[in-house]
Structure formats: C-alpha cells, structure tokens
Amino acid sequence: MSLPLIETFSTTSAYLPLVARIADVRPLTQLEKLFTIELPGDLSLKHAPGQFVELSVFGVGEAPFSISSSPSRSNGTFELCVRQAGQVTDALHALGPGDAVGVRGPFGRGFPVRRFRGKDLLFLPGGLGLAPLRSLINQVLDERSNYGRVIILYGARHPSELLFQDELTLWSAREDVEVQVTVDRSDGNWQGHVGVITTLIPEVQLYAPNTVAFTVGPPVMYRFVLVELLGKGIREGNIWLSLERRMKCGIGKCGHCQINHLYTCLDGPCFPYAQIKRLEEAL
Amino acid sequence: MNLQVLPKGALVEWIELLSARYRVIGPKRKQEVVQQQPAGDTQQPPREQYIFGELQGAHELELSYPSTILPPKKVFLPQKEELFSFKDNGHQVDLQLDERRTVIFGIHTCDLHAVLLLDQAFSQGAADQHYMARRANTTLVSIECLEPCSENAFCKDMGTWIMPETFDLHLTDLGHEYALEIGSAKGSELLQNLTNIRTATETDYWRFNQVISAKWARFPYRLEADLSELPSLLAISYRSQVWEELGQQCLGCGTCTAVCPTCYCFDVVDEVNFDLTSGKRFRVWDSCQFGQFASVAGGHDFRNSRAARLRHRFYHKFKYQSDSFGLAGCVGCGRCAEACLVNIKPIDVINKLHRKRVAVSGKRQEVMG
C-alpha cells in the first residue's frame with residue numbers, strides 16, 4: 001500500500017523536503033516545461049486537483065507550483081508545468097531526467113471534485129492557468145459519466161504560448177467535450193479565434209443554475225471573466241478560482257500568502273468567488 | 001495560590017545553580033554603547049539600552065529594566081536559523097533542531113503574552129518543529145511590572161500588564177524579597193536545591209496584595225477605544241484616509257516588525273558551498289512592510305503601496321488575529337513606537353481612527369436630532 005507523502009513530515013520537520021527524482025522533462029513552449037517527478041519507494045502524492053507542492057532545487061531555493069497531473073493518473077509520479085520566471089525556475093529548467101529535487105506537500109485546498117457531480121462544468125484557463133486546471137479536467141474526463149457538459153474555453157496571449165497542445169487536440173476530438181481556443185494576438189499561421197478569453201463567453205449557451213465554472217489565470221483576467229460569468233447568471237458559489245501567491249512555507253506560518261485574514265496556502269488556493277468577493281486584497 | 005518568598009540576596013546563588021543546568025538568558029545592559037554625542041550637546045546622556053542575552057552571572061542581570069531592544073522571540077525564532085544542511089544535491093539531509101535547555105529570566109508580562117501567541121501560531125495545524133523544540137526546552141521566569149516602562153506602552157489597554165493564565169514561574173518585587181508564584185512543573189524544577197526559599201506567611205500575602213493592587217492607579221489607559229471594540233473599529237476603517245497619510249510617512253524599513261514580540265513572518269533561503277552540491281537552508285526574518293513581500297513570480301505585487309502594507313500590519317494585529325485566535329496580535333509593549341524612525345505609534349493610529357468614528361457618529365446624532 002502506498003503511503004501519502006504528507007504523512008512523512010509529522011515526525012521530522014514540516015520544512016524538510018523529501019528527495020525525489022525528475023523522471024522526464026518535456027518542453028511545452030519557449031518558457032514552459034513539463035516536469036514528471038517520481039517519488040521514492042512506495043510514496044505517492046495523493047493530491048486533489050488544485051493543490052500545490054513546494055519544490056526545491058537544493059542550494060537555490062524552494063517555490064510553490066500547482067500540480068498539473070490528475071490524481072487519477074498518478075502512479076507514484078506527478079507533473080508540474082513550470083514557467084522560467086525566477087531563480088528557482090531557472091535552476092529547474094537546467095535540470096534533466098535523473099536529477100534530484102526536493103518535494104513537500106501536497107498543500108492547500110483543491111477543488112472539491114465530488115461536489116460537482118451531475119453539474120455542467122465550464123473551464124476557463126488563461127495562459128499558465130491551464131496548468132492547475134488540466135489536473136481537474138483530466139480527472140473529470142477519467143470519470144466522464146459523473147458529469148454533465150464539459151466546456152473548455154482556453155485563452156493565451158499568442159499561438160506560441162499555448163500549453164498542452166497535444167491534449168487540446170485530444171479533448172477537441174472528443175464528442176463529449178466542447179473546446180474553444182483563442183489568442184490575444186495572432187500570427188500568420190493561426191486559423192482560430194482571436195480576442196481575449198472573455199470574447200468566447202457570450203457565444204456559449206449555458207443552463208446557469210446547473211453550471212459550475214472554474215477559472216485560473218492572471219489577476220487582471222479574473223475581473224473581466226467574473227463580470228461575464230455573473231452576467232450569465234452563474235451563482236457566486238459556483239464560480240471557482242485559484243489565487244496565485246508566494247506560498248513560502250505551505251503551512252500557514254510565514255505570512256507571505258495572506259489575503260486579508262485568509263492564508264492562501266491553507267484556505268486556498270482554490271476559492272469559490274462567494275468566499276473572496278468581499279476581500280479587498282483578493283483580486 | 002502557592003506563594004514562595006526568596007530574599008533578593010539569594011539571586012546570585014540561584015542564577016549560579018541555574019547556570020549549571022541551563023543556558024540562562026536575561027535582561028542586561030547592552031555592552032557596546034558607542035554613541036557619538038554631537039559637539040556641544042551635553043544635555044542628554046545616551047539612553048541606557050537593554051537586551052536579552054546569555055548571563056555570565058547574576059551581576060549582569062538587570063531586573064528593573066524598562067524594556068529591551070528586541071523581545072525574547074529571538075530565542076525561539078532567531079533572526080537567521082539553520083533548518084537543515086544537505087549534501088550530494090539533497091540525497092543526504094541533516095535536520096537541525098535546537099534542544100538546548102534554556103531559562104529566560106525576567107520576562108515582562110507583555111512579552112510572556114506574546115510568547116503564548118507565538119505558541120498558538122506555531123503549534124496550530126502543522127506544527128513548526130524548529131520553534132516547538134526550542135519552546136519545549138525553555139522555561140520562562142516572568143516578573144511583574146510595577147511601573148509603566150514607557151509612554152508608548154499600552155499594556156493596560158491590551159490586558160497584558162498582568163500575568164496570563166499560563167506561566168512557569170512568576171516573580172513580584174516585594175522590596176527586599178521576591179514573591180514567587182509557581183505555574184508549572186517546569187517552573188517548579190527551577191527551585192531545586194535553592195536553600196533560602198520559604199513558604200509565604202500571612203504577612204507576605206498581605207504585602208503581595210498591596211503591591212499588586214497599587215499597580216492599578218499607576219498604569220494609565222492610553223487607548224480611547226476599548227480592546228473589545230478594536231476589531232470592529234478596524235472593520236469600518238478599511239478605506240480611511242488615515243492609511244494613506246501613514247503611507248506617506250512610512251519609510252517601509254521594517255523596524256517595527258523586527259522589534260515586535262508577536263511578528264513572526266519569515267523567508268527561507270539556501271546557501272550553497274563551493275562544491276555546489278552541499279549547503280544549508282536557513283529561515284530568516286522577513287517583514288510584511290517590505291516591498292515584494294506579497295509579490296509573485298510574474299512580478300504582480302498584491303500589496304503594492306506602503307499604505308496597504310502598513311494597514312495590513314495593523315489589521316493583522318488588531319483584527320485578523322483577534323478574529324482567529326481570540327487574542328489580539330499586539331501586546332501593547334510599545335517597542336515599534338520607540339523604534340519607528342518617523343514616529344508612527346499604534347496609540348496615535350488607533351486613537352485617530354476612533355476619533356474619526358466618534359466625530360462621524362456625533363454628527364449623525366445631530367442630524368437625527
């Protein structure tokens with residue numbers, strides 16, 4: 001029987017990472033790579049979609065990353081989609097299969113998947129926001145009959161920045177998934193929709209009372225997407241967001257991820273809009 | 001209450017006995033006072049400063065100190081502490097837990113309340129073993145304040161000018177003797193082999209009560225709002241102009257958080273050795289007053305003005321922690337006000353917010369007749 005990774009921390013130190021191995025690295029775009037991490041022995045991450053881990057490159061530091069793989073496809077490994085954007089991610093991008101990294105987690109509150117059974121699910125990832133939502137999307141697709149419609153509206157700034165293109169093709173090919181992709185700026189070869197992600201929303205026909213929406217993206221996107229979703233009549237408690245903060249410790253101590261009185265690492269990162277709409281520091 | 005009495009002269013022997021078994025830390029004079037007096041300015045001698053430091057003997061102990069520069073949190077949460085060392089790119093990791101048996105002697109009750117708050121923060125949910133290890137091996141000897149230490153202190157308002165329910169050993173100065181209250185087994189252990197101690201007589205109890213009750217009139221209230229009102233006062237003051245004004249003054253230097261007995265925000269940093277495969281991971285103090293504290297990888301800063309950062313600190317102390325712990329996050333020690341380079345003082349800030357509300361509700365009453 002596999003042991004959840006998080007249970008190994010209580011006896012030692014919550015800050016002590018477990019040494020894991022990079023099993024595979026796959027470039028997704030110029031800036032993003034998908035890392036497959038393999039835990040040692042019988043350990044498995046046992047995460048929920050939307051949760052995050054703290055990943056260490058020893059000697060450089062540690063940073064939080066949302067888990068990109070579905071729990072339904074874990075098997076002792078998990079995937080992180082990492083954009084090269086700072087010291088830790090620079091160092092990580094220089095690593096390859098076989099190299100050691102430190103792992104702590106999983107941390108935070110993910111999406112409560114079981115609560116969405118029977119609902120129509122509308123996914124709105126913007127840019128790197130597809131990384132955490134891919135975990136939930138694949139879990140939903142692996143138990144497809146439990147849910148109503150599955151609609152994915154994905155927006156990126158430019159065709160070259162689209163993540164998981166092979167999976168987007170797979171999802172699009174399925175009859176039980178509705179996929180639309182848009183880019184803010186086109187290039188010569190782009191045949192698809194051009195415009196920000198919000199331009200896709202008005203065209204979608206929804207039965208609002210039975211729809212749950214999931215949106216993950218940069219803060220500026222949330223403001224516009226929320227207006228559209230609320231305008232469609234989707235309830236505030238049925239719009240889920242994942243908020244990005246610099247969760248340094250992951251256990252509600254270091255203070256970096258506070259949103260007013262909430263700790264993103266404990267209370268989030270996944271929140272229903274109803275819970276955060278009155279928090280001035282949320283969006 | 002089981003009261004013991006110890007003559008002050010026995011302190012030398014007591015510290016000696018303790019030093020054989022513990023690392024003894026207490027308030028003492030800051031040694032290297034190298035303050036340059038401006039030419040011609042002979043009016044003000046440099047103010048004596050006190051620190052919590054390891055005692056070489058009872059002669060160093062200054063139990064009538066007003067306050068220390070840094071609170072005793074530095075014992076449990078050093079400014080920089082090693083969490084673990086690693087070798088071979090992390091394949092070999094050695095955890096560092098500090099389990100030295102320690103006594104902190106002469107803690108004021110405000111600082112004792114602060115330690116209890118840190119205990120809550122570090123023990124709830126996933127416990128912080130590095131803090132817990134130090135805390136478990138430390139015994140606190142607190143001392144009753146009989147005089148207010150500074151006009152910046154508002155301990156009476158915050159309810160921290162008297163002892164909390166939880167303590168190890170508590171001293172009260174009775175003149176030539178100390179009254180000792182024993183609050184825990186850890187505290188009682190400190191009295192082992194102490195020869196000069198005796199059980200209090202009825203007269204001692206009478207003297208003790210006299211000393212304690214004389215405190216009331218000596219300590220002033222400095223806040224115009226009651227402790228119980230502070231969370232709601234802040235709840236209606238989020239968009240107050242006061243925060244913008246303070247933001248204009250504030251230098252963002254983080255001194256207030258460094259000297260605060262209840263501030264515990266930290267950062268985690270790695271240091272690598274020359275071989276590039278071994279090194280150490282440290283925890284270092286951080287401050288919510290620093291720019292970048294709330295920023296993320298893409299560069300977005302979720303608290304991008306000094307006004308917003310200062311407001312966050314006040315809300316964390318006087319509202320968020322009160323809401324979640326049932327204890328205010330400030331103990332009213334006044335260190336931040338003493339240390340602030342531009343004289344931002346919590347007493348003034350709270351009174352200003354309160355006066356604004358009183359003025360507004362006064363107007364409203366007029367309108368309503």
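The model is predicted, and local features need pLDDT of at least 70, side-chain atom pairs count only at pLDDT 80 or more, and totals for chains, interfaces and linings use all residues. Residues are numbered from 1 along each chain as its sequence is written, while chains are lettered from A and ligands numbered from 1 in the order in which they are written.

Me: Why is Asp88(B) called partly exposed?
Reply: A residue is buried if 20 or more other C-beta atoms (placed from the backbone) lie within 10 Å of its own, exposed if 12 or fewer, and partly exposed in between. Asp88(B) has 13 such atoms within 10 Å, so it is partly exposed.

Me: What makes Asn343(B) exposed?
Reply: Asn343(B) has 10 other C-beta atoms within 10 Å, therefore it counts as exposed.

Me: How do you know that the peptide bond between Gly105(A) and Pro106(A) is cis?
Reply: Its omega is about 0 degrees. Pro106(A) is placed in strand 8 of chain A.

Me: Which residues touch the most other members of the largest nonpolar core?
Reply: A nonpolar core is a set of buried Ala, Val, Leu, Ile, Met, Phe, Trp, Tyr and Cys residues joined through C-beta atoms within 7 Å. In the largest one, of 156 residues, they are Phe123(A), Ala213(A), Phe214(A) and Ile104(B). Helix 3 (residues 109-123) of chain B gives the largest share, seven residues.

Me: Why does this core lie between domain 1 and domain 2 of chain A?
Reply: Domain 1 (3-107) and domain 2 (113-242) both give residues to the core, so it lies between them; the bounds come from an automatic or database domain assignment.

Me: How many residues of chain A are in contact with chain B?
Reply: Two residues are in contact if their C-beta atoms, placed from the backbone, lie within 7 Å. On that basis 32 residues of chain A are in contact with 38 residues of chain B.

Notes:
Helix = DSSP H or I, 4+ residues; strand = E, 2+ residues; numbered from the N terminus.
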